Amino acid sequence: VKYDAAGTAAWARTAGSTSNDYATSVCVDETHGAVYFSGFAQQTGQQVVFGSSGLPYTWSGSGVYVARYSPAGDLVWVQQESHYVTQAVTNAAGDVCVVGGGGLSVLDATSGTTVHFTTVPGTATGIAFNALDNSLLLSGYFNGTITIGPSTLTSVLSAVDSAGHSSRSQDGFVAQYDNLCAPLFAVSMGGPLGDDAFLLVNVRG
C-alpha cells in the first residue's frame with residue numbers, strides 16, 4: 001500500500017498464488033520514485049499473479065521474487081531470486097540491492113536482471129546503503145567460524161561439557177561490501193547466549 005503525505009492510501013497492489021504467500025520487504029528509490037517489493041510463495045512451482053493485471057509468473061525452483069512498480073503503482077518487472085529476501089535498499093544508481101539467507105544481489109533498475117551476486121557466510125538479515133562511499137552494509141548472525149573478506153569471525157564459547165566438548169553460541173555480525181558485492185570487512189558481537197543483528201538504516205552523511 002502506498003500512502004501520501006497526509007496518510008491517505010494512494011494505491012494498493014497484491015501478489016499471490018494458490019499456496020500461502022508472504023511479503024518480506026519494500027523500499028523506494030527516492031530519486032525516481034520506483035517501489036521495490038519482495039515476497040515468496042510457500043510452495044515452489046506456483047503461479048504467482050500480480051494484482052488485477054493478472055500477469056502470471058511461474059517458477060520451477062525458488063518461490064522468492066522481487067518486483068518493481070512505478071510511482072503510480074504500475075508493475076514494471078518481476079524477477080525470481082535464488083535466495084530468501086529479508087530487506088532491500090536502492091543504491092546511488094537506483095538499482096535495488098536485496099539480501100537474505102546466504103545471498104546478496106544487485107538487480108538492474110531498468111530490467112531487473114542480476115548484475116552482481118555473492119554468497120554471504122552465516123545468515124544475512126539486513127542491508128543498508130552507505131552514501132558516503134557507495135558501499136553496502138549487511139547484518140546477520142552465525143555459529144562457529146566464518147570468513148568475510150579479510151575478517152575471520154568466531155562466535156563466543158558458550159559451554160564445555162564433562163567430556164571436554166565445547167559448543168559456541170549464535171552471534172551477530174555487521175559486514176561491509178563494495179558496490180560490486182565484494183566483501184571489505186566484518187565485525188561480530190555477542191555473548192554466551194544467542195545473539196543476532198537485524199535491520200540496518202541507510203547512511204546519508
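**Reading the model**

Q: Is Cys181 buried or exposed?

A: Cys181 is buried, because its relative accessible area is 3%, and the word buried means under 20%, while exposed means over 50% and partly exposed lies in between, with a 1.4 Å probe and protein chains only. Keep in mind that this is a predicted model, in which local features need pLDDT of at least 70 and side-chain atom pairs count only at pLDDT 80 or more, whereas totals for chains, interfaces and linings use all residues. Residues are numbered from 1 along each chain as its sequence is written, and side-chain values use heavy atoms, with hydrogens and water left out.

Q: Where does Cys181 lie, and what is its phi?

A: Helices (H or I, at least four residues) and strands (E, at least two) are DSSP runs, numbered from the N terminus. Cys181 lies in the loop between β18 and β19 (183–189), and its phi is positive, about 75°, although Cys181 is not a glycine.

Q: How many disulfides does the structure hold?

A: A disulfide is a pair of cysteine sulfur atoms within 2.5 Å, and the structure holds zero of them. Cys27 is in no disulfide, since the nearest cysteine sulfur, that of Cys97, is 8.5 Å away, and Cys27 counts as buried because its relative accessibility is 10%. Cys181 is likewise in no disulfide, with the sulfur of Cys97 as its nearest cysteine sulfur, 6.9 Å away.

Q: Which residues have the most contacts inside the largest nonpolar core?

A: A nonpolar core is a set of buried Ala, Val, Leu, Ile, Met, Phe, Trp, Tyr and Cys residues joined through side-chain atoms within 4.5 Å. The largest one here has 20 residues, and those with the most contacts inside it are Leu104, Ile127, Leu136, Leu138, Phe173 and Tyr177. Two or more residues of this core come from each of β11, β12 (114–130), β13, β14 (145–148) and β18 (170–177). A second, separate core has 13 residues, including Ala34, Val64, Val85 and Ala88.

Q: Which residues line the largest cavity?

A: Rolling a probe the size of a water molecule over the atoms shows where empty space is left. On a 1 Å grid over the protein atoms alone, a cavity is a set of points where a 1.4 Å probe fits but cannot get out, and lining residues have an atom within 4 Å of a point; grid points are joined across faces, edges and corners, and a volume is the space filled by probe spheres set on the points. The structure holds one cavity of 30 Å³ or more, and the largest cavity has a volume of about 40 Å³. Its lining is made of Asn91, Cys97, Val106, Phe129, Asn134, Ser135, Leu136 and Asn179, and β11 (96–107) and β13 (135–143) each supply at least two of the lining residues.

Conventions: On a 1 Å grid over the protein atoms alone, a cavity is a set of points where a 1.4 Å probe fits but cannot get out, and a pocket is an open set with protein on both sides within 12 Å along at least five of seven lines; lining residues have an atom within 4 Å of a point.
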